[in-house]
Amino acid sequence: MQHAVLESARRQVRFRPSIASGVTGCKNPRHCLILLQAMASSVNMTQSAGPRRLVLWFRNDLRLLDNYIVHEAVQKIKAKEFDDVVPLYCFDPRFFKTSKWGHQKTGSFRAKFLLECAENLKASLKAVGSDLLVTVGQPEDIISGVVQGTSACMVLTQQEVTSEELSVDAKVARAIKINKGELRKLWGSTLYHQEDVAGPSGALGAQGIRGMPDVFTPFKEKVERKCLVRKEVPAPKSGELPLPPRGAPMAAPLPGDTQQVVTSENLAVHFATFPEWNMLPWQKGAAPSLPKDDKRAALEFKGGEDVALARLKYYLWDKQLLSTYFETRNGMLGGDYSTKLAPWLAAGCISPRTVYHQIKKYEAQVVANKSTYWVIFELIWRDFFRFFALKHGNSIFFEGGTSGQMLMWNQDSELWQRWKEGKTGLPLVDANMRELAATGFMSNRGRQNVASYLVLDIGVDWRRGADYFEHVLLDYDVCSNWGNWVAMAGLTGGRVNHFNITKQAKDYDIDGDYVRHWLPELRNVPAARIHEPWLMSKEEQAKYGVQIGVDYPNPIHSSKLGKPHGGGGGGGGYRPSSGSGRGGSSQGSYSSNGRSGRPESGRPTTTRGGARQFSKKSEFERFG
Ligand SMILES: Cc1cc2nc3c(=O)[nH]c(=O)nc-3n(C[C@H](O)[C@H](O)[C@H](O)COP(=O)(O)OP(=O)(O)OC[C@H]3O[C@@H](n4cnc5c(N)ncnc54)[C@H](O)[C@@H]3O)c2cc1C
């Protein structure tokens, strides 16, 4: 009798007495339990004959090419350290919980994308004689089921840096201790390797990560001067990741097992099950509807390594868009102004090193210019935020950010709601927020503007914005998202980029095509008025078929605006903007004298914020 079957039956005595008694033949639950325990310990004694198993626990690295955990598994199998490999991906209910700001952590766009990623990875693994166990549940529960009955086991996973992910790691490490298992974490998500950057002889010097500059440029200069991007490691070949025998035991819940009790099936059953949309761990069982393709979207994003590699090929080789990236990167409309690789990079369908080496090849074969370098420059921003999170830990999630500066926020929930729904009356902000809600994507130019507006113009707590982005973004990456937001809020000690939204709109959406694309109510408004529709006279409004204040909102009145300002005890306070962001931002806020309720003053002036609410404890409760 397999240990796994006995163990699972033992755990089910209370919930499913019939299964337990089926194993022992004993009707009395108490006796049944005693008998099972005895049988399990006798199996334990003979367990040394069990297989030595590797578990490839995929998380944000859903690819085969240049994946260090996959490569490591291949090496260990070749060296005969282990007998078989179980590749695994879990939809962890903790990443579908509702946040304290009221958003389900993983929204429907990303959930759909991740299902597609898992499906593609499963197919790629099958093509090399392996498979992917895709399931719903906490990895610690699933993995302890996968390693039942083994004589040795190791779980290989990509190194994460933030608290929720690390707390899951700790639970997995504990769960496999019983099987004398080891959790081995390998760095893999960045362009530059952690050892090369922050290791004992890395670019950051003797202090390692503690010596990391908190601003981008000196960080970039150090890594560029002292580090090399490592070569890609190959994808596995056929037979290099041998599966356990099909009938191997597996004691863990199947997706859709609403009772969440341990079932005793064999691995083949689990491999054959792929979670459907409504089996994902949605809050209170209420699955949102599957997102439909939106014809207005910049791109049809489909998850998976195959599509990621195809996108890279399209951007570099088919259309040669790479050679003009520097000129187009601040666009907002269409698929071609930027690489759009972010969703695939975030899920790990493609590694930044693959992108880098393809760019180098392109530079050697086609052209090397400012544009080809600038994509690499952006990938270093991505690295920057990951290393920044490694250095600063949980403070990137704190109200006062890494600077600890305490500000008071505008508590008017109507403002927040109008921002989220794209009804602020500022066309550039509204168009971007509606694109995000409809598609899960927004350009970098858009993100900077909507974040600046939320925090620096209407004075809403930046964490609300970051939390909403976490929910809705296709390309959500914990470090890039929270890092960009906390920096936009001016809470990292670096420069604060306060954007003049109307100026930005005129600079980057010159004819208003982007705004018209997402705001049908303004579709007939000419370029001269599109970014300031409140300036239209009644006659103009009639002519262009829109009534401001009825069909499209008036901008938020200055009496409702707030600016974050220094609260008691935290020191510091609101600082006006300085300098320019990527592609140039501009200082200050509105310049026009408004009609139709336009903010009258140059800056938001009043603060309606209540007392600052700051609790270290609750901020630490990322998964607790
Ligand atoms: C408030 C805010 C939140 C953001 N949240 C995320 C997020 O959750 N996930 C995410 O990947 N990016 C985030 N970004 C960064 C950036 O906006 C997106 O990476 C970019 O818009 C994605 O489009 P793209 O792939 O076409 O980028 P490209 O312009 O083609 O850039 C190439 C790649 O470089 C990386 N990159 C570019 N800019 C940045 C940046 N500022 N920070 C980190 N990486 C960058 C991305 O991986 C991107 O795919 C955020 C930016 C802001 C201002």
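Biologist: Which of the 29 residues around the ligand come nearest?
Modeller: Ser-338, Thr-339, Ala-342, Glu-378 and Asn-481. A residue is near a molecule if its C-beta atom, placed from the backbone, lies within 6 Å of it. This is a predicted model, so local features need pLDDT of at least 70 and side-chain atom pairs count only at pLDDT 80 or more, while totals for chains, interfaces and linings use all residues. Residues are numbered from 1 along each chain as its sequence is written.

Biologist: Which helix gives the largest share of that shell?
Modeller: α15, with 6 residues. Helices that each supply at least two are α13 (342-347), α15 (370-392), α18 (444-457) and α20 (478-488). Helices here are DSSP runs of H or I, at least four residues, and strands are E runs of at least two, numbered from the N terminus.

Biologist: And why does the ligand shell lie between domains 3 and 4?
Modeller: Because domain 3 (305-391) and domain 4 (397-620) both give residues to it. The bounds come from an automatic or database domain assignment.

Biologist: Switching to the sheet: what's the strand order?
Modeller: β3-β2-β1-β4-β5, an open sheet of 5 strands with parallel pairing. The edges are β3 (133-136) and β5 (182-186), each pairing on one side only. Two strands pair if DSSP finds at least two bridges between them.

Biologist: How many bridges join β2 to β3?
Modeller: 4, with β2 covering residues 84-91. In one of the pairings, Leu-88 has Leu-133 in β3 as its bridge partner.
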